[in-house]
Amino acid sequence: MHTIVCIKQIIDPEIPAEQFKLDPTTKRQVRGGLSLVISAYDQNALEVALQLREKTGGKITALCLGEPGAMGAVKSALGMGLDEGVLVSDPVLLGTDPFGVAHALATAIRRIGTPDLVLTGCVSGDTGDKVVAPLLAEELGWPCVTFVTRIEAQDGKAVLRRIVEDGHELVEAPLPAVVSILSDDSNVPRYSKLKDIMAAAKKQVPTWKAADLNLDAARLGAGAARLHLRDVAIPHRESRCEHIQGETPEEQAEKLALRLRELKLI
Amino acid sequence: MADILILAHGQGEVPTPSTLELLGAARRLADATRGRVQAALLQANQSGLAARLIAFGADRVLRAEHPLLAEYQGDAYVAALTQAAAQAAPEVMLLADDSCGREVAPRLAHRLGAGIVTEVLGIEAEGAAILFRRQMYGGRTIATFAAERFPVVATLKPRMLAPAEQQPGRAGEQIAVALRLEPSLLRTRVLRKVTEEVRGVKLETAKVVVSGGRGLKGPEPFKQLEALAALLKGAVGASRAAVDAGWVPASWQVGQTGKTVSPDLYIAVGISGATQHLAGMTSSRTVVAINTDPDAPIFKVAHLGIVGDFRAILPKFIEKCRELTQG
């Protein structure tokens with residue numbers, strides 16, 4: 001069983017509000033000295049892949065599209081115990097929309113060699129479009145199941161636990177398939193072991209450019225984007241919290257209830 | 001002129017709340033651009049529902065019925081909507097941002113060569129362009145995307161746009177769309193559906209939501225939250241941390257990958273306020289936070305707060321609420 005996990009490197013989304021800055025020209029977040037992480041649900045996807053390998057054997061490849069610095073994300077994925085990694089990085093990819101990203105990822109997946117399963121996180125922590133897995137499935141012509149927390153795979157089929165509004169479904173899909181992963185208590189990302197981190201540092205990870213993959217230039221870059229990002233603004237949010245004081249927690253509790261009553265909220 | 005096609009759902013003859021939101025947004029955009037609203041209906045035998053869709057603002061209902069569409073299945077829905085779109089030739093297609101829409105909309109956009117924008121909070125026309133507003137960076141920012149090339153497929157975040165109003169006597173037409181669907185097209189199938197029973201009030205529409213997070217340190221305190229919610233005729237929610245710890249079911253989750261709520265009163269207990277949680281609750285009218293950490297981001301969005309340990313606060317708070325509401 002071969003699983004390819006698509007990961008995205010983003011600026012740590014949990015930085016304090018005062019450190020969050022936008023670049024007025026690119027309309028994107030300013031990196032500054034902020035730390036970079038693998039987008040949260042992509043880490044759950046890595047964990048799902050690792051658990052699957054423990055059961056069925058095989059290998060896992062991390063695939064990342066990003067700036068040259070995203071090599072760090074591939075290396076930390078390898079540090080979790082993955083077998084191989086590939087970085088797709090090229091200045092022409094800057095500003096590429098999700099359709100172009102799916103085109104580049106699908107081409108890289110074909111180049112790596114058809115896997116049994118492609119996993120992504122269900123949503124990224126920055127742009128948060130939730131569209132790469134379905135678009136990738138269309139590019140590859142494979143089935144797609146989104147918002148999945150658990151996977152069991154055997155005999156060319158997978159049974160997927162897909163979370164829906166009022167519960168979950170067990171969905172059967174033929175492999176290969178593209179699946180987007182949501183977190184739950186079964187796929188909490190593991191800590192890397194020192195020996196895996198050391199091994200990851202030594203692993204050769206190729207960087208593929210657009211030309212290496214014969215990507216269609218007409219689908220790449222901001223100029224090819226089907227929608228234009230006109231404006232990004234940080235909504236003005238005053239800290240207007242009224243702190244309920246009191247000598248004891250019980251007194252605070254009573255005052256809070258009375259205040260809510262006064263405001264006709266209870 | 002913007003021609004709009006929505007994907008409509010109903011329960012019996014009644015359009016779902018998110019369908020009414022799609023119709024409302026579509027009608028306003030069509031009126032502003034002298035366009036037309038069409039609704040695709042994939043459920044069988046729905047002349048009553050189709051009539052309601054017209055009363056709520058649709059000019060034309062495309063009834064695309066087929067036995068393979070009896071239950072939601074992604075491949076079938078994508079194929080059916082691709083065919084419906086070929087007939088309706090819309091500039092804009094609107095779907096709800098739910099478990100169906102988020103899976104179908106991007107695939108549909110891919111097949112139509114359309115643009116895609118998700119989790120939309122607002123739509124307006126600007127000359128020949130159509131502007132879509134949505135959050136980015138986990139709710140820290142509001143972004144405006146402009147579509148100048150069409151078609152565009154958009155998913156609307158539930159409970160964020162005003163629903164359509166019924167206009168008795170409105171006229172519209174119903175037409176049948178002949179679909180070509182083969183069973184071999186459907187590659188995935190649902191083996192089993194497990195529905196979690198909702199005790200009491202539904203989270204999405206509750207006027208009061210009491211949510212717990214990592215600070216509760218275990219599943220046990222959720223019993224207190226349930227008692228408080230029952231007292232205030234509200235529902236219980238949870239942060240992603242509490243769901244990921246396995247303390248409560250996924251259907252309780254409020255946030256970017258859970259439910260979006262906008263109650264009159266949102267009480268956050270032991271929730272720090274990660275951006276992904278805030279994305280699901282900042283449109284609540286009044287937010288109350290109880291947390292030990294005075295620097296927790298939740299206090300930035302809270303209107304009322306207590307810095308302290310919920311274990312010391314909650315019992316007395318529940319007692320006082322009981323006294324006030326039942327006294």
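This is a predicted model: local features need pLDDT of at least 70, side-chain atom pairs count only at pLDDT 80 or more; totals for chains, interfaces and linings use all residues.
I followed the strand order and found 6 strands in an open sheet with parallel pairing, running β13(A)-β17(B)-β16(B)-β15(B)-β13(B)-β14(B). I then asked which strands stand at the edges, and these are β13 (242-243) of chain A and β14 (235-238) of chain B. Each of these has a single partner strand, so one side of each is left without a neighbour in the sheet.

Entry two, inside the sheet. I looked up β13 of chain B, residues 208-212, and noted that this strand pairs with β15 of chain B, residues 265-269, in the parallel sense over 5 bridges. Within β15(B), the residue opposite B:Val209 is B:Tyr266. I also checked helix α5 of chain B, residues 222-231, which lies across β13, β14 and β15 of that chain and runs at about 175° to β13(B).

I recorded 72 residues of chain A in contact with 73 residues of chain B. On the side of chain A that touches chain B, the elements giving two or more residues include α4 (132-140), β7 (144-154), β8 (157-164) and β9 (167-174), while α6(A) gives the most, with 9 residues. By class, I noted 39 nonpolar, 12 polar and 21 charged residues on that side of chain A.

Entry four, a strand pair between the chains. I found β9(A) paired with β12 of chain B, residues 189-195, in the antiparallel sense over 6 bridges, and here A:Glu172 stands opposite B:Arg189 in β12(B).

Definitions and conventions:
Residues are numbered from 1 along each chain as its sequence is written. Chains are lettered from A and ligands numbered from 1 in the order in which they are written. Two strands pair if DSSP finds at least two bridges between them. Two residues are in contact if their C-beta atoms, placed from the backbone, lie within 7 Å. Axes are lines fitted to C-alpha atoms, for helices over the stretch in contact, and angles run from 0 to 180 degrees between N-to-C directions. Ala, Val, Leu, Ile, Met, Phe, Trp, Tyr, Cys and Pro count as nonpolar, Asp, Glu, Lys and Arg as charged, and the others, Gly among them, as polar.
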